[in-house]
Amino acid sequence: MPTAEGQRRKLLIDCDPGHDDAVAILVGHRHFDLLAITTTHGNSGLENTTRNALAVLELAGIEGVPVAKGAASPLVGRTYHAQHVHGKSGLDGHDLPEPALQPVPEHAIDVIIETARANQGELVLAVIGPATNIALALRKEPRLAEWVGEVTVMGGSGGWGNMTPAAEFNAFCDPEAFAAVVHAGWPLRMVGVDVTRTVGIDAADIEILRASGKRTAVVIADLLNFYMTRQTERTGLTHAPMHDACALIPLLDPNAMTYRETRVEVELAGTFTRGMTVCDFRGSTIESPNVRVAVTPDRQRLVGVMMDSVISYP
Ligand code: BDR
Ligand code: CA
């Protein structure tokens, strides 16, 4: 879906594939000018998330999108993974072949800085894993905050968490980095897990992907079936929540989500609340809003774009 001017928006995805990251990559390449992918620790270790990003590109026949490896651990504290949700490889459910594609030699931080510098005011930065790479890039080149056109983050929550009762996984995995993103002073949207958990691909959708007979869609069906089953066992959800693609689609279709200008702070000290995003929906603080927080998704529109995107590949 192009912009009003008929031009695709330029996009860099910083991610930790991850089942929902994989779908976000397919949506991103189909609807944006996807300039680069950078990888981080998160759903699995950095080697796995990088391999998974390359394997998804190869599966879909996507060429010319550089993948750069980033941070293997957070700024502070221990490293967490989500094997319990995404499996040992980070993308269990189908044995994807070892990709022939290789990551570029540059570090993710430098790719983020260079891509933003070369596309000043135009780049959409989608942050759909722990935000370590972004925080390090901001530290190395503070002008990044002026160069990026818009940042869209999947992470945090306007309510409860999924990693702890208070904290969402991406924010919990590197709270200091998440705080750096929230306070960088750039145009920032955040879609939290309280919203994205309700947007998913269900068993009927998975059958549609399979029935398409398309190579990519059939493999994605296997992957999402694994992920959905894990979700059902753990949380009772009957769909595969598509957290990460929810951060991208509203940039193409403004009717896909409503947002509220909100003051957001990230809890860095709490014994039980570390990584919590404290969203001031009631306007209790005198601090100015710093984030557009997603509140109401149009699930049908969002899932429609995801399904069409996946099926559009060979
Ligand atoms: C987030 O955590 C990861 O497991 C998903 O890929 C998503 O980015 C949801 O909390
Ligand atoms: Ca992710």
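**Close-up 1. The lining of the largest pocket, sorted by residue class.** In this predicted model, the lining of the largest pocket contains eleven nonpolar, nine polar and eight charged residues. The pocket itself has a volume of about 380 Å³. Its lining is made up of 28 residues, and those closest to the centre are V85, N162, F169, Q231 and H243. If you like to think in secondary structure, look for α1, α3 (83–86), α7 and α11 (215–235), the elements that each give two or more residues to this lining. Among them, α11 provides the largest share, with five residues.

**Close-up 2. Ligand 1 and the residues around it.** Around ligand 1 you will find D20, D21, N43, H86, I128 and M154, together with N162, E168, F169, N170, H243 and D244. Sorted by class, this shell holds three nonpolar, five polar and four charged residues. Two helices, α1 (19–31) and α7 (169–173), each contribute at least two residues to the shell.

Close-up 3. Which distances are worth a look here? Start with D20, where an N or O atom of the side chain is 2.7 Å from an oxygen atom of ligand 1. For N43, the distance between a side-chain N or O atom and an oxygen atom of the ligand is 2.6 Å.

**Close-up 4. A cis peptide bond between P17 and G18.** Finally, zoom in on the backbone, where the peptide bond leading from P17 to G18 is cis. Its omega angle is near -10 degrees. Where does G18 sit? You can find G18 in the loop that runs between β1 (10–15) and α1. Helix α1 is also one of the elements that supply at least two residues of the shell around ligand 1.

How values were computed. Residues are numbered from 1 along each chain as its sequence is written. Chains are lettered from A and ligands numbered from 1 in the order in which they are written. This is a predicted model: local features need pLDDT of at least 70, side-chain atom pairs count only at pLDDT 80 or more; totals for chains, interfaces and linings use all residues. Side-chain values use heavy atoms; hydrogens and water are left out. A residue is near a molecule or strand if one of its heavy atoms lies within 4 Å of it. A polar contact is a pair of N or O atoms within 3.5 Å; within protein, one must be able to donate a hydrogen and the other to accept it, and residues adjacent in sequence count only if both atoms are side-chain atoms. Helices (H or I, at least four residues) and strands (E, at least two) are DSSP runs, numbered from the N terminus. Ala, Val, Leu, Ile, Met, Phe, Trp, Tyr, Cys and Pro count as nonpolar, Asp, Glu, Lys and Arg as charged, and the others, Gly among them, as polar. On a 1 Å grid over the protein atoms alone, a cavity is a set of points where a 1.4 Å probe fits but cannot get out, and a pocket is an open set with protein on both sides within 12 Å along at least five of seven lines; lining residues have an atom within 4 Å of a point. Grid points are joined across faces, edges and corners, and a volume is the space filled by probe spheres set on the points.
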